[in-house]
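Open the model in your viewer and keep the selection tool ready.

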Amino acid sequence: MCNLCRRSFMRGAAALGAAAAGGFVSPLSAQTSGGARLPARGEFTIHGAYVMTMDPALGDIAGGAVHVRNGEIVAVGTDVAGGGERIDGADMIVMPGLIDTHWHMWNTLYRSFSGDKPEEGYFPTVARFGQQMQPDDVYASTRLSAAEAINSGMTFVHSWCHNVRSTRHAEADVRALADTGIRARHSCGWPQGMPDTEQAPQAPLESLAKDWKSWSNEGLIQLGMAWRGQFRGGPIKPEIYQAEFDNARKLGVPVTVHAGSAKKAVGQIELLHKAKLMGKDVQLIHALSASEAELDMIKDTGASVSVSPGTELRIGFGYPQISEMLAKDIPLGISVDTSALTGSSNLFAVLKLARDSENARALSETRMSARKALELGTIMGARSMGIDDKVGSLKSGKRADLIAISTDALNMGVVTDPAHLVLEATGPENVDTVVVDGRILKRGGKLTALDPHKVVADARKALAGVRERTKWR
């Protein structure tokens with residue numbers, strides 16, 4: 001982006017940010033600790049829908065029904081009497097909500113801001129602006145991300161917060177997640193710009209862990225550590241990385257780390273394995289450089305992996321090894337990663353890209369099926385985050401995290417194969433209804449608990465403030 005274009009854009013952001021809209025109150029609402037309003041859990045039954053349960057025993061159910069009461073799925077099938085409000089599912093595809101497994105939600109303020117010159121790339125951009133972010137900026141950015149997630153059909157997000165500049169910054173990220181009502185994990189990281197010769201501050205994570213129940217939004221939000229690992233710009237000393245890792249284990253929180261992020265990052269996963277820094281509580285991000293032996297190490301330790309084809313291809317890291325990991329039954333999920341690189345955070349599009357990249361690598365139209373790609377975005381993603389006992393498929397006893405996709409729009413018109421249609425044609429505008437833990441957060445194509453105009457205006461105002469503090473004219 002040219003300097004003139006960037007200056008014009010930033011001036012416009014400042015002006016629009018100053019005109020933030022007023023608040024929005026939803027009916028039938030319950031107030032959260034952050035002052036937001038969320039719809040109450042109730043009872044409803046969706047009738048007459050095409051239900052993609054993503055459960056191997058139940059499969060797809062044409063003309064199916066889903067009965068939800070107090071946040072729980074009571075019944076799924078064709079012979080469901082149901083109860084509560086009756087919702088017409090005609091011309092709808094009902095399926096589990098999508099699961100994002102790694103997203104730097106704090107930097108969505110910088111959407112599409114990675115330019116075409118090295119000095120305007122992702123890493124220098126987020127480092128420069130991240131150092132000027134206040135807690136309110138983090139809140140505005142994460143709330144924007146979560147609102148977009150809900151609008152796009154995501155019901156779980158992993159907020160990979162590697163710009164925790166203080167305890168208040170971490171709390172702001174968690175509050176934003178709670179105030180939107182989304183299911184999530186907050187992984188507490190380090191501040192941008194901090195030298196890798198220094199240990200990441202542990203006070204924010206320890207403070208949250210000490211009183212996590214009061215922050216977790218009735219258990220909807222999990223706590224984890226976003227760990228720098230053994231490498232960033234270069235090697236990190238053992239006395240630094242080991243102390244951070246040990247603290248996470250002491251606190252009993254899962255660890256997530258970028259490892260083998262680019263094809264050239266050879267041997268990083270083996271070094272983690274040799275240092276006994278992998279396990280079922282560890283999630284590896286990207287793992288593009290993993291050798292056959294390293295994939296076996298991941299499998300043997302029970303670690304999970306998150307890949308993000310949209311950013312990995314955009315930034316030039318290489319192709320994810322999705323088929324190789326699936327062949328070894330490694331718990332695998334798909335992620336948005338960062339809107340600064342990809343712009344849109346439509347996870348349907350990322351899943352489609354995952355399928356297409358696998359087919360391109362194999363020079364085959366049928367290497368990966370549409371159904372498998374959707375499994376990566378639902379039940380398999382839930383498994384990789386350790387929540388597949390609660391969500392990721394639609395069956396009796398699970399929590400009610402689901403979406404209804406309308407097939408009435410021009411881009412969805414005529415239904416051939418439902419799995420292909422969902423993967424290849426669905427956009428956020430086709431997501432009619434989103435339910436998280438029994439709360440209807442989107443209905444009739446509109447968010448029920450958030451005012452999009454205020455969310456966007458607050459984010460613009462936050463960006464304008466960051467611009468001013470960085471002295472970017």
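**Stop one: the surface**

Select L313, Y319 and L353: together they make a nonpolar surface patch of about 230 Å². A patch here takes residues with over 30% relative accessible area and no salt bridge, with nonpolar side chains joined within 5 Å. This is a predicted model, where local features need pLDDT of at least 70, side-chain atom pairs count only at pLDDT 80 or more, and totals for chains, interfaces and linings use all residues. Residues are numbered from 1 along each chain as its sequence is written, and side-chain values use heavy atoms, with hydrogens and water left out.

Zoom in on L313. It sits in helix 10, residues 309-315 (a helix is a DSSP run of H or I, at least four residues). L313 counts as partly exposed because its relative accessibility is 33% (buried is under 20%, exposed over 50%).

**Stop two: the largest cavity**

Now go inside. There are three cavities of 30 Å³ or more (a cavity is a set of points on a 1 Å grid where a 1.4 Å probe fits but cannot get out; lining residues have an atom within 4 Å of a point). The largest has a volume of about 70 Å³. Select its lining: C188, G189, W190, A200, P201, Q202, L205, M225, A226 and E244. Seven of these residues are nonpolar, two polar and one charged.

**Stop three: the second largest cavity**

Select R228, G229, Q230, F231, V257, H258, A259, Q268 and L272.

Notes. Patches are made of residues with over 30% relative accessible area and no salt bridge: like charges are joined within 9 Å, nonpolar side chains (Val, Leu, Ile, Met, Phe, Trp, Tyr) within 5 Å. Accessible areas come from the Shrake-Rupley method with a 1.4 Å probe; for residues, only the protein chains shown count as cover. A salt bridge is a side-chain nitrogen of Lys or Arg within 4 Å of a carboxyl oxygen of Asp or Glu. Helices (H or I, at least four residues) and strands (E, at least two) are DSSP runs, numbered from the N terminus. Buried means under 20% relative accessible area, exposed over 50%, partly exposed in between (1.4 Å probe, protein chains only). On a 1 Å grid over the protein atoms alone, a cavity is a set of points where a 1.4 Å probe fits but cannot get out, and a pocket is an open set with protein on both sides within 12 Å along at least five of seven lines; lining residues have an atom within 4 Å of a point. Grid points are joined across faces, edges and corners, and a volume is the space filled by probe spheres set on the points. Ala, Val, Leu, Ile, Met, Phe, Trp, Tyr, Cys and Pro count as nonpolar, Asp, Glu, Lys and Arg as charged, and the others, Gly among them, as polar.
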